[in-house]
Amino acid sequence: MLPRIADSLSFLYLDIVRIVQDDTGVCAEVTSPQHGTETVYLPTAALSCVLLGPGTSITARALTTLARHGTTVVATGSGGVRCYAATVPDSLSTVWLERQARARADDSTRLTVATAMYEQRFGHGTAPPGSNLNKLRGLEGQRIKAHYRLLAQQYRIGRFRRNYDPDSWDTQDPVNLALSSANTCLYGIVHAATLALGCSPALGFVHSGNQQAFVYDIADLYKAELTIPLAFSLHASPHPEAEARRGFRDGLRLFRLLPRIVTDIQRLLAPDQDIETPDLEEQLVDLWDPVGGALPGGVNYADGGDL
């Protein structure tokens with residue numbers, strides 16, 4: 001499956017394969033007792049992100065080719081639901097990273113983006129005009145508690161209180177265990193999409209002071225719709241963590257989360273602009289100019305004379 005998404009990015013998830021480079025291109029070698037070794041060639045020029053799941057190995061030549069084509073390679077957990085490490089090619093455009101950094105550096109723009117994130121969770125137009133972050137955080141807390149109460153009544157589990165305590169992990173109830181597990185999976189997917197887009201996971205707008213701050217920002221957009229209902233549905237499970245991971249993975253395609261993440265990030269960072277992805281093969285390094293914004297690189301700007 002190569003699900004096309006709004007800005008022409010493609011994601012490919014692979015597991016239990018060996019990725020090599022031969023004389024033709026990059027291919028995945030799949031070995032099975034029934035069919036032996038089968039070779040599947042990868043459309044490297046059309047891929048922006050390759051997710052390497054468990055049981056995957058890759059050669060240096062294949063990794064070099066992916067980097068040359070501007071493909072981000074991410075080492076993930078099963079189903080792509082965790083992000084352990086990533087390689088970002090030099091050719092990856094910095095357009096979205098620069099927009100993120102500019103929006104994050106200006107307090108008024110940062111507040112605008114943070115407000116848009118809260119409004120997406122509440123429903124557009126529901127945040128009172130002129131609300132500051134303190135009021136928005138309070139509204140978020142009230143809505144999440146109401147969501148918990150509604151789901152607790154639906155599943156008849158009595159009063160629920162969110163509790164995340166790594167030091168007392170085994171003593172937590174199944175819903176809390178499932179929610180923590182599902183959220184971890186969600187963070188991995190958001191992290192992979194953020195890296196593939198070229199953004200920084202650390203430059204958050206609502207969250208701050210952590211290398212995953214922006215990941216937490218974006219993940220919060222989907223918890224009420226995805227991970228919280230899943231966790232409550234596992235209130236009687238004897239193995240809530242494992243079932244939460246499997247349930248999240250199985251519902252991922254139906255939810256079409258990766259396309260939504262990319263579209264939402266772009267909309268938040270550039271709400272009034274047309275979304276375009278530069279052609280990486282034609283992308284050159286620019287020189288910053290305080291007046292013109294950017295000047296072409298690779299040009300001698302000396303005033304006359306031979307150098």
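Reader: Which way does H5 cross H9, left-handed or right-handed?
Author: H5 passes H9 in a right-handed crossing (the near helix is turned clockwise from the far one by less than a right angle). This is a predicted model, where local features need pLDDT of at least 70, side-chain atom pairs count only at pLDDT 80 or more, and totals for chains, interfaces and linings use all residues. Residues are numbered from 1 along each chain as its sequence is written, and side-chain values use heavy atoms, leaving out hydrogens and water.

Reader: OK, and what's the angle between H5 and H9?
Author: About 55°, and the axes of H5 and helix H9 (residues 257-269) lie 10 Å apart. Axes are lines fitted to C-alpha atoms, over the stretch in contact for helices, with angles from 0 to 180 degrees between N-to-C directions.

Reader: Which residues meet there?
Author: From H5, Leu186, Ile189, Val190, Ala193, Thr194 and Leu197; from H9, Leu257, Leu258, Ile261, Val262, Ile265 and Gln266. Contact means heavy atoms within 4.5 Å.

Reader: Switching to strands: what's the order in the open sheet?
Author: S1-S5-S7-S8, so 4 strands with mixed pairing (two strands pair if DSSP finds at least two bridges; strands are E runs of at least two residues, helices H or I runs of at least four, numbered from the N terminus).

Reader: How many bridges join S5 and S7?
Author: There are 4, between S5 (residues 49-52) and S7 (residues 72-76), and these strands run parallel. Leu51, for one, has Val74 in S7 as its bridge partner.

Reader: Which helix packs on that sheet?
Author: H5 (residues 174-197), touching S1, S5, S7 and S8, with its direction at about 10° to that of S8.

Reader: What about S3 and S4, parallel or antiparallel?
Author: Antiparallel, with 6 bridges between S3 (residues 26-32) and S4 (residues 36-41). A hairpin of 3 residues connects S3 to S4, and Ala28 has Val40 in S4 as its bridge partner.

Reader: New topic: where's Ser237?
Author: Ser237 sits in the loop between helix H7 (227-233) and helix H8 (240-255).

Reader: Buried or exposed?
Author: Ser237 counts as buried, at 11% relative accessibility (buried is under 20%, exposed over 50%, partly exposed in between, using a 1.4 Å probe and protein chains only). Leaving aside residues up to four places away in sequence, Ser237 touches Pro174 and Glu243.
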